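Notebook open, structure loaded. I want to look up a few things and write down what I find.

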Amino acid sequence: MCQRNGINLSAKTKLDRMNSELAKKAVYNSLVQKKITALADTRNKAAHGQWTEFSEEDVQDMLSEVRRFVTDKLGS
């Protein structure tokens, strides 16, 4: 999405910066930006084994939201 919208990034650019840049370019609005930030937080907690910080339902919601985002923004 960043490439498609003329956002230059290094190979090590983190999701937070990509998310911010895409919102600045109005690829999506601030509500979507906040959702992505929340989804990334759940993912980060899971990746770092912070099991008490989220529930199975949180993960299921995250997966549904990511799938919806990919379909909406990157689908055919």
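**Entry 1: Lys45**

I started with Lys45, which lies in helix α2. Helices here are DSSP runs of H or I with at least four residues, strands are E runs of at least two, and both are numbered from the N terminus. Before going on, I noted that this is a predicted model, in which local features need pLDDT of at least 70, side-chain atom pairs count only at pLDDT 80 or more, and totals for chains, interfaces and linings use all residues. Residues are numbered from 1 along each chain as its sequence is written, and side-chain values use heavy atoms, with hydrogens and water left out.

Is Lys45 buried or exposed? Lys45 counts as buried because its relative accessibility is 18%. The classes I use are buried for under 20% relative accessible area, exposed for over 50%, and partly exposed in between (1.4 Å probe, protein chains only).

Next I asked which residues Lys45 is in contact with, leaving aside its neighbours within four places in sequence. I found Gln50, Glu53 and Phe54, with contact meaning heavy atoms within 4.5 Å.

I searched the whole structure for salt bridges and got 4. The criterion is a side-chain nitrogen of Lys or Arg within 4 Å of a carboxyl oxygen of Asp or Glu.

Lys45 forms one of them with Asp41, where the closest N and O atoms are 3.2 Å apart. Both residues sit in helix α2, which covers residues 30-47, and they are 4 residues apart, about one turn of the helix. Asp41 comes out as partly exposed because its relative accessibility is 38%.

Lys45 also forms a salt bridge with Glu53, and there the closest N and O atoms are 3.9 Å apart. I put Glu53 down as partly exposed because it has 46% relative accessibility. Taken together, Asp41, Lys45 and Glu53 are linked in a network of salt bridges.

**Entry 2: Arg68 and Glu65**

I then looked at another pair. The side chains of Arg68 and Glu65 meet in a salt bridge, at 2.5 Å from N to O. How far apart are Arg68 and Glu65 in helix α3? They are 3 residues apart, so about one helical turn separates them.

I checked accessibility for both. Arg68 is partly exposed because its relative accessible area is 43%. Glu65 counts as partly exposed too, because its relative accessibility is 26%.

**Entry 3: a nonpolar patch**

Which residues make the nonpolar surface patch? I found Val66, Val70 and Leu74, with about 210 Å² between them. Patches are made of residues with over 30% relative accessible area and no salt bridge; like charges are joined within 9 Å, and nonpolar side chains (Val, Leu, Ile, Met, Phe, Trp, Tyr) within 5 Å.

Leu74 is found in helix α3, residues 56-74. I class Leu74 as partly exposed because its relative accessibility is 38%. Val70 lies in helix α3, and Val70 is partly exposed because its relative accessible area is 40%. I also took a C-alpha distance from Val70 to Ala11: they are 59 residues apart along the chain and separated by 21 Å.

**Entry 4: Lys25**

Where is Lys25? I located Lys25 in the loop between α1 (15-24) and α2. Lys25 counts as partly exposed because its relative accessibility is 47%. Leaving aside neighbours within four places in sequence, Lys25 is in contact with Asn5, Gly6 and Ile7. From Lys25 to Cys2 I get 9.6 Å, C-alpha to C-alpha, across 23 residues of sequence.

**Entry 5: the whole chain**

Last, I zoomed out. The protein chain has 3 helices and 0 strands, and along the sequence the pattern reads α-α-α. The C-alpha trace spans about 40 × 25 × 20 Å along its principal axes.

I noted that buried residues make up 20% of the 76 residues. Of the contacts between residues at least 6 apart in sequence, 33% join residues at least 24 apart. The chain exposes about 5,900 Å², and carbon and sulfur atoms supply 50% of it; accessible areas come from the Shrake-Rupley method with a 1.4 Å probe, and for residues only the protein chains shown count as cover.

For charge, I have 13 positive and 10 negative side chains, and the centres of the two sets lie 11 Å apart. Lys and Arg count as positive and Asp and Glu as negative, while His and the chain ends are not counted. The place of a charge is taken as NZ of Lys, CZ of Arg, CG of Asp or CD of Glu.
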